[in-house]
Amino acid sequence: MKAVIITIGNELLSGLTVDTNSSYLGRELAAIGVPVVWRTAVGDNPSDIIEAVDQGLKAGDLVVCTGGLGPTSDDITLNVLSKHFGQKLVLDKSVFEYLKSRFAKRGVAMPACNKKQALVPEKAKALFNSQGTAPGILFNLKNKKLILLPGVPREVKAIWQESIRSDLERSPGRRFILSTALRTTGIPESAIAEKLTALEKALKPGVLAYLPGQLGVDLRVTLHGADRKSLDRQAGGIIRKMKMSLKHHIYGSEGQTLEEVLGLILKKKELTLGLAESCTGGLIGDRITNVPGSSQYLLGGIVAYSNRIKEKMLGVKPQTLLKYGAVSAGTVREMALGARKIFKSDLGLSISGIAGPDGGSALKPVGLVFIGISGPKGTKVIEKRFLGPRRQIKEMAAQTALNELRLYLGSASK
């Protein structure tokens, strides 16, 4: 079975509403082994809706549409498609009684226009909507299915989960889609591709996808087949080869954040951490404290934005600041040592840089960042240069600092 998703509504085309329904339905269909082969959005225009549905029925076995089932005059999807498929709209008494009871529970009279939502094409099936007034509609068109859903995301999810998903899972000839991902940081997409050249040649097209982002590249493996155990074995083999090729550049798997992985390592090794941040302004601390239970290893942090605070609170020597400047290897080294001393932590992590857009020079350009790490293995300083606007430089600097601390600590084994 192949699926097509069509979202309907002028508000989607104008950008006034973000289309989250297609993302949700795409994930749900993939989870039950139904690949989505085409997806589109059209406005509330009868000819556009008909054209999209007809194309969808040619491309797939299942077409799922969202939007245009409400009670107002601009909700035209059901009327347009009922006429197109030659089916009269008839009153569904069970839907009508449900609508009346729904309004009665709220203590208000049902507006007359809501009766429109109890009209169902004569050969179609109404799909119960526990979250709203518009039922879903299922057309059985020879060997194809057309499902209409309302546009409100919570109603889409309710009808999908309560009336559609389990039936599709029982469809004969069902296949599986296995999708898993590894997360990398600190290495560009092109360098990853070079390391995976041999592996990629052995894979079918579409199995490996590169998903680059500002803070790293995710590598997604997607396999299709009828035997789930066989897919698991294939995916396991591909993941092992990717880990062997990329080694420390991989920090986690699907759904994991870098700060979560770092937290696991710190807890496993029973180490504590103190922070001294300048250019990131507390961003590293924010990310670490986003992880529940981070108080087990993060003792505290200082945002030492001015040289006075670097001197007075972290113990950076005046001569270091005078000779080398606030953005220097010497300064972050003393900041890391200072953080460790103040918080009596096992580790000190510091950072100082020039986020821009001003403040750079020929010797110290915008994007120059120094990261200091002090701990049981000694104190080290890493120099990095980033490109981009101020916020991007801050985020990449924080990501790199977290990753450098992960690399300093090694794996989660003690």
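How many residues does helix α10 have, and how far does α10 reach from its first C-alpha to its last? Helix α10, spanning residues 258-269, has 12 residues and reaches 17 Å between those two atoms, close to the 16 Å expected at 1.5 Å a residue. The expected span is 1.5 Å times one less than the number of residues in the helix. Helices (H or I, at least four residues) and strands (E, at least two) are DSSP runs, numbered from the N terminus.

The structure is a predicted model, in which local features need pLDDT of at least 70 and side-chain atom pairs count only at pLDDT 80 or more, whereas totals for chains, interfaces and linings use all residues. Residues are numbered from 1 along each chain as its sequence is written, and side-chain values use heavy atoms, with hydrogens and water left out.

Within α10, the buried residues are Leu258, Glu259, Val261, Leu262, Gly263, Ile265, Leu266 and Lys269. Here, buried means under 20% relative accessible area, exposed over 50%, and partly exposed in between (1.4 Å probe, protein chains only). These buried residues pack against strands β12 (250-253), β13 (273-277) and β15 (347-353), and against helices α11 (283-289) and α15 (390-409); contact is defined by heavy atoms within 4.5 Å. Valine 261, located in α10, has a relative accessible area of 9% and is therefore buried. When residues up to four places away in sequence are not counted, valine 261 touches Tyr251, Gly252, Gln256 and Arg406. Valine 261 and valine 291 are 30 residues apart along the chain, and their C-alpha atoms are separated by 9.8 Å.

Aromatic contacts were then examined. A search of the whole structure finds 2 aromatic pairs. Rings of Phe, Tyr and Trp (its six-membered ring) pair if their centres lie within 6.5 Å; planes under 30 degrees apart count as stacked, over 60 as edge-to-face and the rest as tilted. The ring centres of phenylalanine 85 and phenylalanine 139 are 5.7 Å apart and the planes lie at 45°, so this pair is tilted. The pair links distant parts of the chain, 54 residues apart, with phenylalanine 85 in the loop between α4 and β4 (89-91) and phenylalanine 139 in strand β7. Phenylalanine 85 is partly exposed at 23% relative accessibility, whereas phenylalanine 139 is buried at 0%. The pair of tyrosine 98 and phenylalanine 128 is edge-to-face, with 4.9 Å centre to centre and 70° between the planes. Tyrosine 98 lies in helix α5 (residues 93-105) and phenylalanine 128 in the loop between β6 (125-127) and β7, so the pair ties together parts that are 30 residues apart in sequence.

Charged side chains also lie over aromatic rings. The charged end of lysine 115 sits over the ring of phenylalanine 96, 5.6 Å from its centre, and lysine 377 lies over the face of tyrosine 408, at 5.8 Å from the ring centre. The criterion requires NZ of Lys or CZ of Arg within 6 Å of the ring centre and within 35 degrees of the ring normal.

Backbone geometry was considered last. Most residues other than glycine have a negative phi, and most peptide bonds are trans. Lysine 344, in the loop between α14 (329-343) and β15, has a positive phi of about 50° although it is not a glycine. A cis peptide bond with omega of about 5° joins glycine 356 and proline 357, the latter lying in the loop between β15 and β16 (368-375).
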